[in-house]
Amino acid sequence: MFLIRLYNRVITGLAVLGAASLVFISLAIIVDVVLRNTGFRPFQSTSAIVEYVMLFSTMAAAPWLVRNNGHVAISSFVGAMPETIRLLVGRVVLVLAILTLGLLCWRSAAVGLEMVQSRAVDMRSINIPSWVLYAMLSVGFGLMAMEFLRMLVRGETYTGSGGAH
């Protein structure tokens with residue numbers, strides 16, 4: 001029970017950090033534009049940092065979105081199916097999502113480890129170790145796979161209803 005509560009807090013915490021990082025991105029861009037337009041020299045690293053923070057916010061919030069059915073889902077086609085076929089298709093889609101995200105998690109972790117071993121650095125306006133990018137991808141894909149696996153084990157199907165407008 002403790003591990004489940006801890007895991008739930010991690011997912012929620014990552015979503016909050018993802019949202020906070022979007023606020024940071026907005027403020028960093030505003031500061032950059034204001035400095036440019038008032039004749040001051042903007043920070044050279046703003047665009048590189050914003051690019052990494054955008055990836056972080058995406059990967060941090062994605063597992064929470066899966067949990068809350070917030071990702072895009074095409075329900076018109078599936079909604080026209082008979083109930084038994086709809087449930088079967090839903091289960092197949094969950095398995096495919098788990099396998100795909102598991103593969104992406106594994107591959108990004110493998111590339112990240114190669115980057116650690118080769119000491120590769122992403123050289124932009126600032127130097128960032130290349131493995132950071134792949135670590136964010138691997139963790140995000142892995143947690144999304146875990147959320148889809150939880151749905152499969154609980155007998156749920158993904159509806160995307162949390163993202164409906």
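This briefing describes helix packing, nonpolar cores and selected residues in the structure shown above.

The model is predicted: local features require pLDDT of at least 70 and side-chain atom pairs count only at pLDDT 80 or more, whereas totals for chains, interfaces and linings use all residues. Residues are numbered from 1 along each chain as its sequence is written, and side-chain values use heavy atoms, with hydrogens and water left out. Helices (H or I, at least four residues) and strands (E, at least two) are DSSP runs numbered from the N terminus.

**Helix packing**

- Helix α4 (residues 83-118) packs against helix α5 (residues 131-154) at an angle of about 160°, and their axes are 8 Å apart. Axes here are lines fitted to C-alpha atoms, for helices over the stretch in contact, and angles run from 0 to 180 degrees between N-to-C directions.
- Because of this angle, α4 is roughly antiparallel to α5. Angles under 35 degrees count as roughly parallel, over 145 as roughly antiparallel, 65 to 115 as roughly perpendicular, and the rest as oblique.
- The α4 and α5 crossing is left-handed; that term applies if the near helix is turned anticlockwise from the far one by less than a right angle, and right-handed applies if clockwise.
- The contact of α4 with α5 comprises 21 nonpolar, five polar and one charged residues. In this classification Ala, Val, Leu, Ile, Met, Phe, Trp, Tyr, Cys and Pro are nonpolar, Asp, Glu, Lys and Arg are charged, and the others, Gly among them, are polar.
- For α2 and α5, the axes come within 8 Å and cross at roughly 10°, which means that α2 is roughly parallel to α5.
- Residues of α2 in this contact include Y52, L55, F56 and M59, and those of α5 include F141, M144, E147 and F148. Contact means heavy atoms within 4.5 Å.
- By class, the contact of α2 with α5 has 16 nonpolar, one polar and three charged residues.
- The axes of α1 and α2 are 8 Å apart, and the two helices pack at an angle of about 150°; α1 is therefore roughly antiparallel to α2.
- The crossing of α1 and α2 is also left-handed, and the residues of their contact divide into 19 nonpolar, six polar and two charged.

**Nonpolar cores**

- The largest nonpolar core has 19 residues, and M59, L94, L101, F141, M144, F148 and M151 have the most contacts inside it. Such a core is a set of buried Ala, Val, Leu, Ile, Met, Phe, Trp, Tyr and Cys residues joined through side-chain atoms within 4.5 Å.
- Elements giving two or more residues to this core are α2 (46-67), α4 and α5, and α5 gives the most, with eight residues.
- L101 is in contact with F141, M144, A145 and F148, leaving aside its neighbours within four places in sequence.
- A second, separate core of five residues includes Y7, I11, L14 and L143.
- In soluble globular proteins, nonpolar side chains tend to be buried together.

**Buried residues**

- L94 lies in helix α4 and is buried, with a relative accessible area of 1%. Buried means under 20% relative accessible area, exposed over 50%, and partly exposed in between (1.4 Å probe, protein chains only).
- Apart from neighbours within four places in sequence, L94 is in contact with F148, M151, L152, E156, T157 and Y158.
- E147, in helix α5, is buried at a relative accessible area of 3%. Not counting residues up to four places away in sequence, E147 touches Y7, I11, P63, V66 and R67.
- D32, in helix α1 (residues 2-37), is buried with a relative accessible area of 10%. Beyond its neighbours within four places in sequence, D32 is in contact with P42, F43 and T46.

**Partly exposed and exposed residues**

- N8 is placed in helix α1 and is partly exposed, with a relative accessible area of 23%.
- N8 touches R67 and R150, not counting residues up to four places away in sequence. N8 and W64 are 56 residues apart in sequence and 9.3 Å apart in space, C-alpha to C-alpha.
- R119 occupies the loop between α4 and β1 (121-123) and is exposed, with a relative accessible area of 74%.
- R119 has a positive phi of about 55° although it is not a glycine. Most residues other than glycine have a negative phi.
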